[in-house]
Amino acid sequence: MNAFSNTIVAADRARPAMAGGDPDIVISADGLVKTFNGEVIALDRATFDIRRGSFVSLVGPSGCGKSTLLRLVAGLIAKTGGELSVLGHGVSGPSSDVAMMFQRPTLLDWRTAVENVLLPTEVKRSATNADRRRAIDLLNLVGLKDFAFSFPRQLSGGMQQRVALARLLQTGANILLLDEPFGALDEFTRERLNLELMRIVEDVDATVLFVTHNIAEAIFLADQVMVMTPRPGRLARIVDVPFERPRGVELMQTPEFNGLVGEVRSILGGH
Ligand SMILES: Nc1ncnc2c1ncn2[C@@H]1O[C@H](COP(=O)(O)OP(=O)(O)OP(=O)(O)O)[C@@H](O)[C@H]1O
């Protein structure tokens, strides 16, 4: 089957089922607009629905509004126009249902890995023994079983991002916003972490929005790819990714996979 036949023209399609009416829709945007200083249109009328448990990649060149879209969903910045809801409620600020991770791990140097993972809990209240056990379990989950009591300076860049991922999961949020989380790492480490990320989000049953510049990475990880184009930032198309899970790196060598990469590239090239 031609994967392109699965695409939806996001900008022009009719309004999908409203978030309030469909409990499976966890993030819903309708004509969402964000301008900065009244002139830069960072996001121009984006309309989309994201289903519970799906992994959605956002791909596009620098400045097309990917981070802006994530920050809007996280409630870190306010929309200029249109509608945006998370779990059926309009977004008016940060929420405990949503957690965000960035390209840099931003760990506290003077705290061990497990103490860093416990931070989101300690911001709210004193950590209990159960919290501590959970933090250690999460470090196991991200492959850092033997490094719970290491300090950030004793960890590689990839290991530090694993700690940041465990800290993200410690929040208990099941909508995870990942802004190029492995973008600063070498290609080999990045590929390994991507594979583990897929396993982990299935394990914790999260809904994920994942920003990347890399088309192959976007497709490999996702159920849907939101293809964005710049000046103004637009959601050009939402592409369904038809490949079964679990997926292995050999998928990337197949003609079907490379066909889909070509389709996404041509959407980006046409703008
Ligand atoms: N706080 C801000 N003030 C003014 N303009 C901003 C601000 N944040 C983003 N912009 C502008 O909005 C547009 C979209 O930026 P955004 O960071 O969302 O893009 P992006 O696709 O994430 O880019 P990159 O891939 O380089 O991170 C850009 O033109 C950017 O300059």
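P246 sits in the loop that runs between β10 and α8 (255–269); helices here are DSSP runs of H or I with at least four residues, strands are runs of E with at least two, and both are numbered from the N terminus. The peptide bond leading from R245 into P246 is cis, with omega near -5°. This is a predicted model, in which local features need pLDDT of at least 70 and side-chain atom pairs count only at pLDDT 80 or more, while totals for chains, interfaces and linings use all residues. Residue numbers start from 1 along each chain as its sequence is written.

Another cis peptide bond links R231 to P232, this one with omega about -10°. P232 belongs to the loop between β9 (224–229) and β10 (234–240). It counts as partly exposed because it has 17 C-beta neighbours inside 10 Å; on this scale 20 or more other C-beta atoms within 10 Å make a residue buried, 12 or fewer make it exposed, and anything in between is partly exposed, with C-beta atoms placed from the backbone. Leaving aside residues up to four places away in sequence, P232 touches I41 and D44, where contact means backbone-placed C-beta atoms within 7 Å. P232 and V40 are 192 residues apart in sequence, yet their C-alpha atoms are 7.6 Å apart in space.

Turning to backbone angles, R45 has phi near 50°, a positive value in a residue other than glycine. R45 is part of strand β2, and with 17 other C-beta atoms within 10 Å it is partly exposed. N37 also has a positive phi without being glycine, near 55°.

D24 is found in the segment before β1. With 12 C-beta neighbours inside 10 Å, D24 is classed as exposed. Its contacts, not counting residues up to four places away in sequence, are R51 and R52. D24 and L87 are 63 residues apart in sequence but 8.8 Å apart in space, C-alpha to C-alpha.

As for helix packing, α4 (residues 129–141) and α5 (residues 157–170) pack at an angle of about 135°, with 9 Å between their axes. The axes are lines fitted to C-alpha atoms, for helices over the stretch in contact, and angles run from 0 to 180 degrees between N-to-C directions. That makes α4 oblique to α5, since angles under 35 degrees count as roughly parallel, over 145 as roughly antiparallel, 65 to 115 as roughly perpendicular and the rest as oblique. On the α4 side the contact is made by R134, A135, L138, L139 and L141, and on the α5 side by A166, L169 and Q170. By class, this contact has six nonpolar, one polar and one charged residues (nonpolar: Ala, Val, Leu, Ile, Met, Phe, Trp, Tyr, Cys and Pro; charged: Asp, Glu, Lys and Arg; polar: the others, Gly among them).

Finally, the largest nonpolar core holds 74 residues, of which V73 and V225 touch the most other members. Such a core is a set of buried Ala, Val, Leu, Ile, Met, Phe, Trp, Tyr and Cys residues joined through C-beta atoms within 7 Å. Helix α5 gives this core its largest share, six residues. V225 touches S57, V59, A218, I219, V239, V241 and V264, again not counting residues up to four places away in sequence.

Conventions:
Two residues are in contact if their C-beta atoms, placed from the backbone, lie within 7 Å.
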